[in-house]
Amino acid sequence: ALNYYNNAARAVELSADEAHADAARAMEAAAASGNASEDPIMLTSARVDENEEAVFGPVRLGPRCDVVEGDTLLHLLLRNGAARGAVEACLRMGADVRATNARGEHCLGLSRKAKARAGQRRDRSPGAAAEAADRREVA
């Protein structure tokens, strides 16, 4: 199980660093560990410990990772800008897109927000910013 957590945490950290191909490979390695389908692992949520450090399962996440108490692996990937390959690998492992964290955020809403942010980065025109704002209101 530790290999799963190490690879999953690495995928989140690489996503935060915008190393998307490496993040997808780390997620594939997590899936290959064979532990991903076990409910306790896919239901693991992130927490912030007494030292204000983010932890996912037994693994500490890097300081650049954006974490909300109760984030699942899918929340973490979406919140940290994961590309499609890493997110799809997580979904294939059985991630629950309806899971909520301590703020009540669900993964579908985070996905919409991530898509809006990506659209703003691709096209910085005033129309793109307005379109992204409209999508955020829906999420």
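Q: What should I know about the model before I start?
A: It is a predicted model, in which local features need pLDDT of at least 70 and side-chain atom pairs count only at pLDDT 80 or more, while totals for chains, interfaces and linings use all residues. Residues are numbered from 1 along each chain as its sequence is written, and side-chain values use heavy atoms, with hydrogens and water left out.

Q: OK, how much space lies in the largest pocket?
A: About 530 Å³, where a pocket is an open set of points on a 1 Å grid over the protein atoms alone at which a 1.4 Å probe fits, with protein on both sides within 12 Å along at least five of seven lines, and the volume is the space filled by probe spheres set on the points, which are joined across faces, edges and corners.

Q: And which residues are closest to its centre?
A: Of the 23 lining residues, meaning those with an atom within 4 Å of a point, the closest to the centre are Leu78, Ala82, Ala83, Val87 and Ala114.

Q: Which helix gives the most to that lining?
A: α6 does, with 8 residues; helices here are DSSP runs (H or I, at least four residues), as strands are (E, at least two), numbered from the N terminus. At least two lining residues each come from α1 (2–16), α4 (73–79), α5 (84–92) and α6 (107–122).

Q: Switching topic, how many disulfides are there?
A: The search of the whole structure finds 0 disulfides, a disulfide being a pair of cysteine sulfur atoms within 2.5 Å. For Cys107, the nearest cysteine sulfur is that of Cys90, 7.9 Å away.

Q: Is Cys107 buried or exposed?
A: Cys107 counts as buried because its relative accessibility is 2%, and buried means under 20% relative accessible area, exposed over 50% and partly exposed in between (1.4 Å probe, protein chains only). Cys65 is also buried, at 11%.

Q: Where is Thr44, and what does its side chain join?
A: Thr44 is in the loop between α3 (39–42) and β1 (46–48), and its side chain makes a polar contact of 2.9 Å with that of Tyr5. A polar contact is a pair of N or O atoms within 3.5 Å; within protein, one must be able to donate a hydrogen and the other to accept it, and residues adjacent in sequence count only if both atoms are side-chain atoms.

Q: Last one, is Ala102 buried or exposed?
A: Ala102, in the loop between α5 and α6, is exposed, with a relative accessible area of 60%.
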